[in-house]
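Subject: Handover of a predicted structure

Dear colleague,

Please find below the sequence and the structure that I am handing over to you. My notes on the model come after them.

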Amino acid sequence: MNFRRVLYVVALTLALPVRTIAQVEPHVLQEGEQGDVDRWFALHRSYVDRAHQGHVRVLFIGDSLTYGWRVDGFESWEAAFAPLGAEDFGIGGDRTSDVIWRVQHGELDGIAPRVVILSIGTNDLGSGRGAAETAAGIEACAAAIRQRLPRTTILVLGLLPRGKGGPSSETRRDVASVNRRIATLAAAKGMRFLDSGNAFLTGDGRLRPELFHPDFLHLSSEGYRVWASTLRPEVSALARS
């Protein structure tokens, strides 16, 4: 880690209560270029500042698929979730360890949403972690949120299908394995689980290309419209409960 990156961590740590110091650090500090580091911490700081303003009823937190509600998913977000008082705390490239760090460093301080929607883990698989380790990371994220928001309902989203291969491909099998594991974990911990994956598949189990960018990972505007249609009934019910 170079000197400037050390200053980032020291400055953030000194600015926060001792109880929020994390045992993990953002992976971008190890792997990212300086511009990536600057952008990551700028987004994190903006989310901390937003949390300090309070009045967040629904919170989405996660990786680029969550951040994408601000871009390709903007119209769907405005129609489906903005009326519920929702905020989007997504950062592209995030893994489970990054979300844990963010939670432990102020992004939930000052708010008490009715529901937190957690969408994380696909980048863990993409970085070479197996299904068991990825599921354990998602569970740790949910536990970190629960620790700070004990009265909030946590809705853990299943990983969306990804990749050009069919349902028998290694990637798709890993996604299915993670989802089975976190569905069981969520039920055992008193959390909710929702898997929207089938809405993104053709009859033979392949990804619907119109719902994705060419990387078959990130969603198109139509993909966000479909995702919103599967999420809104559950999110709306929880937000009003």
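**Conventions**

This is a predicted model, in which local features need pLDDT of at least 70 and side-chain atom pairs count only at pLDDT 80 or more, whereas totals for chains, interfaces and linings use all residues. Residues are numbered from 1 along each chain as its sequence is written, and side-chain values use heavy atoms, with hydrogens and water left out.

Helices (H or I, at least four residues) and strands (E, at least two) are DSSP runs, numbered from the N terminus. A residue is called buried under 20% relative accessible area, exposed over 50% and partly exposed in between, with a 1.4 Å probe and protein chains only. Contact, or touching, stands for heavy atoms within 4.5 Å.

**Nonpolar cores**

A nonpolar core is taken as a set of buried Ala, Val, Leu, Ile, Met, Phe, Trp, Tyr and Cys residues joined through side-chain atoms within 4.5 Å. The largest one has 39 residues, and I61, L118, I138 and I145 touch the most other members. At least two residues of this core come from each of α2 (28-31), α3 (34-53), β1 (58-62), α6 (96-107), β3 (115-119), α8 (131-148), β4 (153-157) and α9 (170-188). Helix α8 gives the largest share, seven residues.

For L118, the contacts beyond four places in sequence are I61, V99, I138, C141, A142, I145, L155, V156 and L157. Another core, of 30 residues, lies apart from the largest one and has L84, L157, L194 and F212 among its members.

**Aromatic rings**

A pair of aromatic rings is described by the distance of the centres and the angle of the planes. Rings of Phe, Tyr and Trp (its six-membered ring) pair if their centres lie within 6.5 Å; planes under 30 degrees apart count as stacked, over 60 as edge-to-face and the rest as tilted. The structure contains 15 such aromatic pairs.

The pair of Y47 and F89 is stacked, because the ring centres are 4.5 Å apart and the planes stand at 10°. This pair links distant parts of the chain, with Y47 in helix α3 and F89 in strand β2 (residues 86-90), 42 residues apart. Y47 is buried at 2% relative accessibility, and F89 is buried at 1%.

W69 and W77 form a tilted pair, with 6.1 Å from centre to centre and 50° between the planes. W69 has a relative accessibility of 1% and so counts as buried; W77 is buried with a relative accessible area of 8%. Ring pairs join F60, W69, W77, F81, Y224 and W227 into a cluster.

A charge is said to sit over a ring if NZ of Lys or CZ of Arg is within 6 Å of the ring centre and within 35 degrees of the ring normal. The charged end of R39 sits in this way over the ring of Y67, 5.4 Å from its centre.

**Helix α9**

The expected span of a helix is 1.5 Å times one less than its number of residues. The 19 residues of α9 should therefore span 27 Å, and this agrees with the 27 Å between its end C-alpha atoms. R172, V175, S177, V178, N179, I182 and A186 are the buried residues of α9. Among the elements that cover them are α7 (122-126), α8, β4 and β5. Just after α9, G190 adopts a positive phi of about 75°.

**Single residues**

S119 lies in strand β3 and is buried, with a relative accessible area of 9%. Not counting residues up to four places away in sequence, S119 touches I61, G62, D63, T66, L157 and W227.

S196 is placed in the loop between β5 (192-194) and α10 (221-240) and counts as buried at 6% relative accessibility. Beyond four places in sequence, S196 touches L160, W227, T230 and L231. Its side chain has a polar contact of 2.8 Å with the side chain of T230. A polar contact is a pair of N or O atoms within 3.5 Å; within protein, one must be able to donate a hydrogen and the other to accept it, and residues adjacent in sequence count only if both atoms are side-chain atoms.

F216 lies in the loop between β5 and α10, is buried with a relative accessible area of 16%, and has a positive phi near 55°. H55, in the loop between α3 and β1, has a positive phi near 60° and is exposed at 76% relative accessibility.

With kind regards
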